[in-house]
Amino acid sequence: MPEPAIIELTKARMREFIREPEAVFWVFAFPMVLTLALGFAFRSKPPDRIPVAVVAGPHAAEQMAALAKSPALLPRVMDEAAAAAQLRTGKVSMLIGGGAEPLYRFDATRPDARTARLEVDDALQRAAGRQDLIKAREERVSEQGSRYIDFLVPGLLGMNLMGTGMWGVGFSIVNARMKKLLKRLIATPMRKTEYLLAQFFSRLIFLVFEVVFLIAFAWIVFNVRVHGSFVTFGVITLIGGFAFSGIGLLVASRARTIEAVSGMMNLVMVPMWIGSGVFFSYERFPDAAKPFIRALPLTALNDALRGVMNDGSGWAQVWMPVAILVAWGGISFALALKLFKWQ
Amino acid sequence: MADAAIHCRGLKKYFSDVKAVDGLDLRVEPGECFGLLGPNGAGKTTTIEILEGLQPPDGGDVEVLGRRWKGDERELRERIGISLQETQFTDKLTVFETLTLFRSFYREGHDPDELLRRLTLEEKRDARVGKLSGGQKQRLAVACALIGMPDILFLDEPTTGLDPQSRLQLWQVVTEFRANGGTVLLTTHYMDEAERLCDRIAIVDHGKVIALGTPKELIAKLEAPNIIEFTSEPALPEETFANLCEGYHGCAKRADGWQLRVDSLAEAVPRLIAVVEKSGAKLRTLSTHAATLEDLFVAMTGRELRDA
């Protein structure tokens, strides 16, 4: 006895996918390469030393020796005119002049200048013999969840779920329509919804691998962790996959050529790559645009993923973006069923 | 009278201003092999797709196995097998996987391996569909049509573009299917295919049936068992051979000469040579053959099956 049609259809779709090496690369390898490249480009570095200028004079050597002991400062000796010019153009944050009683010149509105003022004064006072009255201890931390890579990984995951969801479903359907395979399939007693559901199922099965790969990779290489519940996280990725498969189905419901469907996919996806906070936060957009940006499916997915991954949020905090995703998926699927052309 | 396997009346289908099917009637009896013969663009594919329930007609009535597409679609789909013109299956799946997929759509059906053996595809069982030759792909298409043990097999141009060997293999498959009581409706623009496989043939042109009958009956409609084809330099007008001889039944213009329908070659050929010589023209080619369906089509439309 053969397996039920829905299982055979899902198996067929999965075989078709894994036998396409290019598709496997774009789904699995590409996001890792992207994470790796961006992760290294924006990795956390120790804070830069603040450049300060010491005006040449009888006390300059003495001041240089004192300032060189501070790990936060990068002091250089130069004559008065050069030092003034460099301060004006922001090449140094502060100018140290005067004699035994130094003169600090700096722009107090600049945070780096204020830090320089504190560091320079501290170094000079210590060199002059000041003693600390209380002994404080230091504990340096690099807070996980606050680095750029922590922001980036959920965004890349969201973008990848969008891309694979839409392409995975849309491309194969348009291809099957072009080859008249859809027409051949509806000439059998196959149930049409089973065919469409099989597209979803195969997508969701691959999605599990896709998500696990990327999250494991980010964890091993960059120590990016999921702070919230893995179950919540997993369910959100499945809902995201469902939403974008639905949108992919809708985009592909009538397209007759690969070119047409590619154009429409890009029309849908490119604005979200930019607007939905994949690489940078959408907080930088004007307030008036934010409600629209938040209603986009990729924004909703990224918000939900970041909430669970970085902030450890639960359903109570992320129900809104998740509801937006469910609505996008459900409406798209229902619309696609109505509009779908089999021939 | 028992239900016809396929019965349609007054079938019409218009595409913008083109009448693809223009009032077509057909009745295919159970166990029969029925052929729709006609040139490309005659409306054969549109007709067969309406009968297959894949296109709605703009007018007319279709019954398949005594049922209508509206309301009985699922039941009908279980009982018919279809091979579309130029179906392409997924290149990445193997022959066996493709056939197993199609098997899963039907309540009852053949074992895929057994069917592959019958269609001499067992050596290609685990080959990807994308690697098959044209003939092998076509046999797979027919295998997918047969997998659900259909009562009726619809074949749209099953051997177009195939080599002679592959055509013979497909004809064999159709013959076997019929030996087990199956009904076949096929379209073709090969008259030899129609003559060889079909019990009855409808010649279709411009969306209408212009002749219907057994191959023998149709050829008999020519009222002339023999055909002479000739070309001359310069070309001659029709009047030249208007009173050629006893048993001359008419002529048709071919690409660069004439085709004459006659009873007796022994009588007509010497007369033709004499007439051409008398007119001062020079005979360039002359050939004769026994009348075929192709000649009937030429006689009825003035065109050949394969051009149009």
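**Entry 1**

In which sense do strand 3 and strand 8 of chain B pair, and over how many bridges? I found them pairing in the parallel sense, over 4 bridges. A note to myself before going on: this is a predicted model.

For a residue-level check I took B:Phe34, and its bridge partner in strand 8 of chain B is B:Arg200. I then turned to strand 7 (residues 183–188) of chain B, which pairs with strand 3 of chain B, also in the parallel sense, over 5 bridges. There I see B:Gly35 standing opposite B:Leu186.

Is strand 3 of chain B mostly covered or mostly open? It is mostly covered, with 5 of its 5 residues buried. I sorted those residues by side. B:Cys33, B:Gly35 and B:Leu37 lie on one side, B:Phe34 and B:Leu36 lie on the other, and all of them are buried.

**Entry 2: the whole chain B sheet**

Next I wrote down the strand order. I get an open sheet of 6 strands in the order 5-6-7-3-8-9, with mixed pairing. Strand 5 (80–83) and strand 9 (208–213) of chain B stand at the edges; each has a single partner strand, so one side of each is left without a neighbour in the sheet. The twist averages 15 degrees from one strand to the next.

Where does the antiparallel sense come in? I found it between strand 8 (residues 200–205) and strand 9 of chain B, which pair that way over 5 bridges. In that pairing, B:Ile201 has B:Gly213 of strand 9 as its bridge partner.

I also looked for helices lying across these strands. Helix 5 (residues 134–146) of chain B lies across strand 5 and strand 6 (152–156), and runs at about 160 degrees to strand 5 of chain B. Helix 10 (residues 293–301) of chain B lies across strand 3 (33–37), strand 8 and strand 9, at about 35 degrees to strand 8 of chain B.

**Entry 3: chain B in totals**

I counted 10 helices and 13 strands in chain B. The C-alpha trace spans about 70 × 45 × 40 Å along its principal axes. Of the 308 residues of chain B, 53% count as buried. I also checked contact range: among contacts in chain B with a separation of 6 or more, 68% come from residues 24 or more positions apart.

**Entry 4: chain A, domains and sheet**

How is chain A divided? The assignment gives domain 1 (5–42 + 144–339) and domain 2 (50–127). Taken over C-alpha atoms, the centres of the two domains of chain A are 53 Å apart.

I then looked at the chain A sheet of 4 strands, which is open, has the order 2-1-3-4 and is mixed in its pairing. Strand 2 (73–78) and strand 4 (102–106) of chain A stand at the edges with a single partner strand each, so one side of each has no neighbour in the sheet. Neighbouring strands are turned by 25 degrees against each other on average, direction ignored.

Strand 3 (residues 94–98) and strand 4 of chain A run antiparallel and are joined by 5 bridges. A:Ile96 stands opposite A:Tyr104 there. Helix 4 (residues 80–88) of chain A packs on the sheet, touching strand 1 (50–55), strand 2, strand 3 and strand 4, and its direction makes about 140 degrees with that of strand 2 of chain A. Helix 5 (residues 111–127) of chain A touches strand 1, strand 2, strand 3 and strand 4 as well, at about 165 degrees to strand 4 of chain A.

**Entry 5: helix 2 of chain A**

Helix 2 (residues 21–41) of chain A has 21 residues and reaches 28 Å from first C-alpha to last, close to the expected 30 Å. Where does it bend? I find a bend of about 40 degrees at A:Ala29, with a proline, A:Pro31, following within four residues.

The buried residues of helix 2 of chain A include A:Val27, A:Phe28, A:Pro31 and A:Leu38. The buried set packs against helix 1 (5–18), helix 6 (148–178) and helix 8 (192–222) of chain A.

Leaving out residues up to four places away in sequence, A:Phe28 touches A:Phe17, A:Phe206, A:Phe209, A:Glu210 and A:Phe213. A:Thr164 is 136 residues from A:Phe28 in sequence, and their C-alpha atoms are 9.7 Å apart.

How values were computed:
Residues are numbered from 1 along each chain as its sequence is written. Chains are lettered from A and ligands numbered from 1 in the order in which they are written. This is a predicted model: local features need pLDDT of at least 70, side-chain atom pairs count only at pLDDT 80 or more; totals for chains, interfaces and linings use all residues. Side-chain values use heavy atoms; hydrogens and water are left out. Domain bounds come from an automatic or database domain assignment. Helices (H or I, at least four residues) and strands (E, at least two) are DSSP runs, numbered from the N terminus. The expected span of a helix is 1.5 Å times one less than its number of residues. The bend at a residue is the angle between axes fitted to the seven residues ending there and the seven starting there. Buried means under 20% relative accessible area, exposed over 50%, partly exposed in between (1.4 Å probe, protein chains only). Contact means heavy atoms within 4.5 Å. Two strands pair if DSSP finds at least two bridges between them. Axes are lines fitted to C-alpha atoms, for helices over the stretch in contact, and angles run from 0 to 180 degrees between N-to-C directions.
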